[in-house]
Structures are given as structure tokens and as C-alpha cells.
Amino acid sequence: MSETEYYRSQSYQEYLLSSHRREVCPPEDVYAFFNWKGLNNLVDFGSGLGFYFQEFRKWFPHVWIWAAECQQEIIDMILRRKLMEGIEQLTPFHMDQSDHPLLPEWVPVPEIIFASLSLSTFPNPGLAMDGLIRSMKSGGRLFIIDWSKTESGFGPKINEKISMDKMKFLAEEYKLEVTKSGRISEHFYGMEVKASSNFIYGYYDLKEEEDEDSAVFKQ
């Protein structure tokens, strides 16, 4: 495993569920930072083992959570956790590892995609943002939480972090609009992104807003 694939480490995944992460980036501050209005389907992109699952259930009791992961072993652990903890309205699903991720068509088109500590693992986070924006209906929003580019003594090495300014620049390179950005805590920043008026959806506009068969997967 290369250094840039630190996120595949079991110890890193376990850290992401730790009380220390809660201390350095309180979920309540994350909730307060973003505007969650109009939410019915939320994709937790690169959910890992599910640090936010119980928070989502508390914040949005009627919203369906779609947990996107590229590692099958993590999906298996999410399913085990779902059963053991009785987490309702949660469907984990596999996404192929791609530099330009697009959601499967059977997943209901989400109003919001939530990407916590995942975009900085991509070779080009701007290209990844482009794919995620294309996976939503017009007006859909991408919520990003990522590591500030500082020495912290925990998490990935500083050269594996993407600064807030660079993340904003990469979004704008792909004709995306950053509607809000700022520090959430000392070591983390947040960013809201949507398509700008110059963004061209192309043939992805043909994607249906709701897949009628998706109810089969809501189990």
C-alpha cells in the first residue's frame, strides 16, 4: 500500500470512529456549518465505517442515508453495524474506484452529497467534485469536510492534505461555485459546492430524478 492510500489502513478507519476525532471536529459544529434544508436522500460519499451514521439519524430521522464505499470489506462491516445497532434507513453500496465518480443509477438522485475526509484522497479532487455534482439534480449541493493543511500529529501527513484555498481553486477550475467555505475547527474546514451558471451537465441531464426500483434496496 502506497503512502497516498493511507485511507485503506484498518488503523486509520478505526481512528475515524474514535472519540479523538469527535473532540477535534465535533459533529455538532459540522451540522451547524451547513444548510441541510430540503433533504430527502443523503449520500455519505466515502463513509468509511460510519462516523456520522448515528448523528444523521439524530439530525434527520426521516432521511434515507446512502453510504458509498469502494472497499467491500468496509461495506460488510457497515452491514454488520447496521444490524447490531439497529440503524434504520441506511443502505451501503459499492462504488467503483474512479477518478471521476458517478453514482449508480439505481440510487435515488440525492439533494446533498456529503464528502468527509474523502476528496483529498483523489489524485484530482476537482475532477471528483465534477462527477459528484453530475450525480445530482440541478441545484444539488456537495458538502465537503477535509483536513486543513497543517501539522497536527494525527491523521494523514501534511503532504497528503489539500488546503482549503486549493480545494476552492480546483472546484472553480471545473466551473463549480463555492457558496460557503471556512474553518470548522482548528484542523478541519468545510465547503459547500454547487454547479455554477457555466457548468454544463451534458448527457447526464437524462438521468431520471428517481429510480422506481430503488425502493427494493431500502431494506
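Arg81 is buried in this predicted model, with a relative accessible area of 17%, where buried denotes a relative accessible area under 20%, exposed one over 50%, and partly exposed the range in between, computed with a 1.4 Å probe on protein chains only. Its salt-bridge partner is Glu85, the closest N and O atoms being 2.8 Å apart; a salt bridge is defined here as a side-chain nitrogen of Lys or Arg within 4 Å of a carboxyl oxygen of Asp or Glu. Helices (H or I, at least four residues) and strands (E, at least two) are DSSP runs numbered from the N terminus.

The model is a prediction in which local features require pLDDT of at least 70 and side-chain atom pairs count only at pLDDT 80 or more, whereas totals for chains, interfaces and linings use all residues. Residues are numbered from 1 along each chain as its sequence is written, and side-chain values use heavy atoms, with hydrogens and water left out.

A search of the whole structure finds 4 salt bridges. In helix α4, Lys58 and Glu55 lie 3 residues apart, about one turn of the helix, and their side chains meet at 3.2 Å, N to O. Lys58 is exposed, with a relative accessible area of 54%, whereas Glu55 is buried, at 7%. Both residues also belong to a network of salt bridges that includes Arg22. In helix α6 (residues 125-134), Arg134 and Asp130 are 4 residues apart and form a salt bridge of 2.7 Å, N to O; both of these residues are buried.

Strand β2 (residues 64-69) is largely enclosed by the rest of the structure, because 6 of its 6 residues are buried. Both of its faces are covered, with Trp64, Trp66 and Ala68 on one side and Ile65, Ala67 and Glu69 on the other. Strands are taken to pair if DSSP finds at least two bridges between them. Strand β1 (residues 41-45) runs parallel to β2 and is joined to it by 5 bridges, with Asp44 standing opposite Ala67. Strand β3 (residues 90-94) is likewise parallel to β2 and joined to it by 5 bridges, the partner of Glu69 being His94. The chain crosses from β2 to β3 through helix α5 (residues 72-85) in a right-handed β-α-β crossover, that is, one whose path from the first strand over the helix to the second runs clockwise with the strands pointing away from the viewer. A right-handed β-α-β unit is also made by β1, helix α4 (residues 53-59) and β2.
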